[in-house]
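Hello,

Here is the structure I promised to pass on. Please have a look at it first, and then read my notes below.

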Amino acid sequence: MESFFSFKPFFITLFPFLLAFLSSSSSSSSLHPLVLHSTIMHQNYTAISDFRVLNRRTLFDCIDANPFLQINVNSGSKLSDNQFVEVTVSGVLVPSKDDWIAMISPSSSDISGGCPQSLAFYVQTGDVSNLPLLCHYPVKAQFVRNDPGYLSCKKMECKQKNILDGTCGVRTCNGTVRFHVINIRTDIQFVFFTGGFDAPCILSRTGNLNFANPKMPLYGHLSSVDSTGTSMRLTWVSGDKQPQQVQYGGGKSETSQVTTFSQDDMCSVLAPPSPAKDFGWHDPGYIHTAVMTGLQPSRNFSYRYGSDSVGWSDQIQFKTPPVAGADEVRFLVFGDMGKAPLDPSTEHYIQPGSLSVIKGMIGEVENGNVDSIFHIGDISYATGFLVEWDYFLQLITPLASKVSYMTAIGNHERDYIDSGSIYLTPDSGGECGVPYEIYFPMPTPAKDKPWYSIEQGSIHFTVISTEHPWSENSEQYNWMKNDMASVNRSRTPWLIFTGHRPMYSSSTGLLSAMSVDDNFVKDVEPLLLQSKVDLVLFGHVHNYERTCSIYKSQCLTMPRKDASGVDTYDHTNYSAPVQVIVGMAGFTLDKFSDDAARWSLSRISKFGYVRAHATKAEMKLEFVVAETGRVEDAFRITKMQNR
């Protein structure tokens, strides 16, 4: 893609100004009550929030002679793997709306001084409003005013009595906030600041808090390794580098392969370093993976993982996907989900719809309606703040530990300057796909070649990377051409093509306009038509949109309504693919233009996911709104067999 690289000097110069423009706009199956309305709570956090523009300057202890000030945690002697802890500040003489508490990990992180005052350090994260701030970003933070009685001093203590009459001479105030803490292996510390996020100084700190078992095996998630339905890969995280085991199927076991990654594996320009290589780094521990074999397709099994020395997970029930050629498969598909906290904290990046979408999909899995899940790019939005991968993995565990969780790579996993990605943005924060490929090993041909195909039931899925070269005669282009040409349509009559960036979108706004790459459409769309792709699924744009049977921006055929009023595309006489954007699973939603093109048949800007059911005769897909469970769009693609 020479045309992209020729613009490199211009893009690097323009990038900070572009971000400045953009910044002016804005492990359980049941979710905690605090976040049932998370969409409203977190609706503005994907913009450049105050927390994300903490000035990276030298911090000092506050000039405060208060001898009564304390900060304490009710966690007990050790932290568990998943808990809510209460953090209390007491002895406060004058409560302020600018008082806040940060969770720092590891506790040895430099948060108190000696940081270079360089704006360039944070340009790569989109934080360009002010000089960047803390030497190490907090994992999360809360204002103490989240305790409704703090500013009014409802919880008052007498700290000093008058000698003469025994009346109280010094009264102080208390405030308590709750933090959701998961096992991230490294010890943590809570730090009490005042001055808000604009001019913070340190008032007090807790001692170091350690996890009871930092080596505990956690966050197990499944993926398919082939199209047989007889083998499943399990991947999990532990603080222990020694091989562990997965025990499954009534007496079988497999030993894990162990890997990890370091700061040296992260991408960065020479100066300044990327977030992943510098202030966003967090030790990932060790990632274990093992393949369970000898299974049977479309059957329920159980497993546990770990070892006697570090502990075992619970016994978990899971379901294998159907074998290629089976008549039926049910799956969920979405993109751009990310995560949000289970407490009222601010974090580096929050995707406001993610919790409601996860909750809705947990219900689908628990009801037995799901054989597999496809997450089409922009997975965790950690973007160089590595601890956020742990929080994401913890959130999806009720889903990904029970059915195959397949993924495609997106710009926020892969893109970085001079790293081999097509697009010269720093969207991965320096991760360059390394954490993604280790946390989510897919059946790809090689490292940093994140494209693959897999068959489940009546569908052949071709999964590509829109972030790697796809131009005609590139390695990936030749792979997808050969892959789609090899599909046995008598075994898998349906061909679904999927990747992150779309070919068509009628969303408004600068970012949406930049989301469709005309060169991608020019090079790859003819291949879709030639291969008779039935359905194309993309993310990247944060809404739901469905087209007609489209080619070169023209509707070659339109669907007809069936007896139930559902749009039905007849692919017995194939004309062109149906294309659907499914990027509405978490990130702040994109709006649509008022004058959408004729090819755009359904446009919904709500958080949700797509539920699909395919037999050899038809595919039916439904867009489910997460908050209500309502189906707000449905369509069918039909095809006569033995044609």
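This is a predicted model: local features need pLDDT of at least 70, side-chain atom pairs count only at pLDDT 80 or more; totals for chains, interfaces and linings use all residues.

Residues are numbered from 1 along each chain as its sequence is written, and side-chain values use heavy atoms, with hydrogens and water left out.

Counting a disulfide as a pair of cysteine sulfur atoms within 2.5 Å, the total is five. One of them joins Cys62 to Cys201, with an S to S distance of 2.0 Å. Cys62 sits in the loop between helix H3 (38-41) and strand E1 (70-73) and Cys201 in strand E8 (residues 201-205), so this bond ties together parts 139 residues apart in sequence. (Helices, H or I of at least four residues, and strands, E of at least two, are DSSP runs numbered from the N terminus.) Its S-S torsion is about 105 degrees, so the disulfide is right-handed.

Another disulfide links Cys153 and Cys173 (S to S 1.8 Å). Here the torsion is about -100 degrees, so this one is left-handed. Cys173 counts as buried at 5% relative accessibility, where buried means under 20% relative accessible area, exposed over 50% and partly exposed in between, with a 1.4 Å probe and protein chains only.

Now for helix H6, residues 387-400: 14 of its 14 residues are buried, so H6 is largely enclosed by the rest of the structure.

Happy exploring!

Conventions:
The expected span of a helix is 1.5 Å times one less than its number of residues.
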